[in-house]
Number of protein chains: 2
Amino acid sequence: MKQPDATRLVDVAAAAGVSLATASRAMTGGTGVSDELAEHVRAIAERLGYVPNLHARGLAGGLVSSIGLVVHEIGDPYFAEIASGVLHRASLAGQSVQITHADRDPRSELTQVNALMMQRVGSIIIAGSGYTDPALEAPLGDALAQYRTRGGRVAVIGRHHLDVDAVLPDNHAAGVSVATHLTGLGHRRIGVIAGPLGLNTVSDRLDGLRSVFDSTGVHVTVVSHSFTREGGIDGTNALLDRGSPVTAMVALNDAMALGVLRALRQRGMRVPEDVSVAGFDDIAVVSDVAPALTTARIPMAEMGAQAVALILRAEADEPRRISMGHELIVRASTAAPPD
Amino acid sequence: MKQPDATRLVDVAAAAGVSLATASRAMTGGTGVSDELAEHVRAIAERLGYVPNLHARGLAGGLVSSIGLVVHEIGDPYFAEIASGVLHRASLAGQSVQITHADRDPRSELTQVNALMMQRVGSIIIAGSGYTDPALEAPLGDALAQYRTRGGRVAVIGRHHLDVDAVLPDNHAAGVSVATHLTGLGHRRIGVIAGPLGLNTVSDRLDGLRSVFDSTGVHVTVVSHSFTREGGIDGTNALLDRGSPVTAMVALNDAMALGVLRALRQRGMRVPEDVSVAGFDDIAVVSDVAPALTTARIPMAEMGAQAVALILRAEADEPRRISMGHELIVRASTAAPPD
DNA sequence: TATAGTGACGAAAGCGCTTACGAAAGCGCT
DNA sequence: AGCGCTTTCGTAAGCGCTTTCGTCACTATA
């Protein structure tokens, strides 16, 4: 674990005939150096192949300018796209990104945040739905508040109850769009395959759906399973085994919708002839499945980029929140109900 | 950028009534402390909510125990799954992972590796195909060699020409499997949609295919496009516009295969009735598309996990290479040729 | 000409930790 | 009791950088 060679800043300083302090100021673009001298030092550094030691910088300077990103599960396309957006935007700004994942375990988020804090990253972005119950958000909120007092920047994607910068998809409106589409087609008996009920994302989308269904006299049945393809399969089977006759099913995310399609196919039911299916998110693949999925598109990558933008903005004044729009993408999986 | 409070190791030492050195040894699990004293110190640290400062550790100790992962593009399911494998295995070992991406630009890999080295990460994993031409691998090889002399650990996924730990999918064998499957079905005119020809992954898979095709008297046409869904679409159109009549098409990865299916559909050609389609990788979604894709499964997540295992192994002796198997998954997209 | 004010720079004090190195204490042995 | 050995712990020297603080021209004001 040794680094035999490695030119240090003092080497650069010596070679440039200036003091260590001046070299440091020149490299960090600080004030107190004449422009020409700074330029000279930088040239020398370049020639010597000087690479700053981030640890030393972090130790001396406090937090270091890099971004820690906590995602639920990078294997999930939804989060992978968010991460992609973060990475792109961050690399534009020359910030490195450290990704950790909570493995779909909300409690693990706190652990990850602590780990990030211990690494003294300058910013933390948390991507993932929060709890509906504010009380459950409290521990994370406390940790983040403490972190902010130390100068850390924080942004969350998709959770409201934290008093920090946030970028929020309009899940309620997306729910309304999907529901309106379905009722407009004539569906009156609809099954909803939901994710874990305690999550914001789930309850917001569900509320959006319900606000339309209730006022249209739709008979809706809700089952809750894990927010995955398997959850979609299980949910579909549970719903149908219960004997609830539905003409349409909406899964609260596309991963589940994929499961729904699969389960329906296995049961010999045709989509959309026998039953329509709709989802949320518009992850990359749903346009290629058969039938192509109708879904409410959420701009995942853009949300990631916006989170970085929030963090990078000069002043850490009042927490700001950005609301993202959605777009209903109608494809082949939805049609008028049979008979 | 200040951290007002933050309990330091000396605080822990004081509270435990030991010296700073002893406290350090107790926390890092080093030798030279009695087990009971170490346990005592750790208890105090826990109670005080002590969080080690990674920068200080890195500065004092040289490299820090975390993993830097360079991927071509996390948006790509292939790399996302590899990353997922790395993350899982690393979190088991308590190592944090820093992900950077090369944005599909091989030259950018070197940049990323340099950035990682500047952060003094203890290990670097590079996921992505290398160049067929060893000369093009040289710069990266040099940087990595230097890094290793400083005590850094390196593993690459899917590239042979570097003298470091490597986990390699058996692309050649996978090519043979796919080709054998197709010729066994009776296909004699086959189109291949390849990715960039200079890449290992591409040439290995292509060689595997060719070794079978050549000995079976198959008439094969190869076109090369980008390794993406769009590349698959363009490749298919190019191939078909050229007027080469084929009864089967194999895309050198699933992303391209998805594009092939799409392009074929747009041209009104049925799969597999008019033309069979096969891919490589078995990314999560290809079992849900229509028709479900026949593909040579590569264990992406497992490869990521293995790379971490290589890096974590105690002794950094001779570079080791692990070869991963593949599995031909026959689904609905391949069938006997028409007439 | 004397005095305060300004900007550019250098000297040196840490940031929190790991790790030689040395001191002290316990052990078995002669 | 005295010897050398091992084990346990403390002292202190940095790791490479940022940043206060002070110094030293030099310019502006009276």
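## A pair of crossing helices in chain B

Helices α8(B) and α9(B) cross in a right-handed sense, meaning that the near helix is turned clockwise from the far one by less than a right angle. Helices here are DSSP runs of H or I with at least four residues, and strands are E runs of at least two, both numbered from the N terminus. Before going further, please note that this is a predicted model, in which local features need pLDDT of at least 70, side-chain atom pairs count only at pLDDT 80 or more, and totals for chains, interfaces and linings use all residues. Residues are numbered from 1 along each chain as its sequence is written, chains are lettered from A and ligands numbered from 1 in the order in which they are written, and side-chain values use heavy atoms, without hydrogens and water.

The axes of α8 (residues 171–185) and α9 (residues 200–216) of chain B come within 7 Å and cross at roughly 35°; they are lines fitted to C-alpha atoms over the stretch in contact, with angles running from 0 to 180 degrees between N-to-C directions. Contact means heavy atoms within 4.5 Å. Among the residues that meet are B:Gly175, B:Val176 and B:Ala179 from α8(B), and B:Gly208, B:Leu209 and B:Val212 from α9(B). By class, this contact has six nonpolar, nine polar and three charged residues. Ala, Val, Leu, Ile, Met, Phe, Trp, Tyr, Cys and Pro count as nonpolar, Asp, Glu, Lys and Arg as charged, and the others, Gly among them, as polar.

## Helix α9 in chain A

Buried residues (under 20% relative accessible area, 1.4 Å probe, protein chains only) in α9(A) include A:Val202, A:Leu206, A:Leu209 and A:Phe213. Their cover includes α8 (171–185) and the strands β6 (189–194) and β7 (219–224) of chain A. Just after α9(A), A:Gly217 takes a positive phi of about 70°.

A:Gly58 sits in helix α4 (residues 54–61) of chain A and counts as buried because its relative accessibility is 0%. Leaving out residues up to four places away in sequence, A:Gly58 touches A:Val64 and B:His55.

B:Glu137, in helix α7 (residues 134–149) of chain B, is also buried, at 2% relative accessibility. With the sequence neighbours up to four places away excluded, B:Glu137 touches B:Gly130, B:Tyr131, B:Arg159, B:His161 and B:Leu162.

Methods: Buried means under 20% relative accessible area, exposed over 50%, partly exposed in between (1.4 Å probe, protein chains only).
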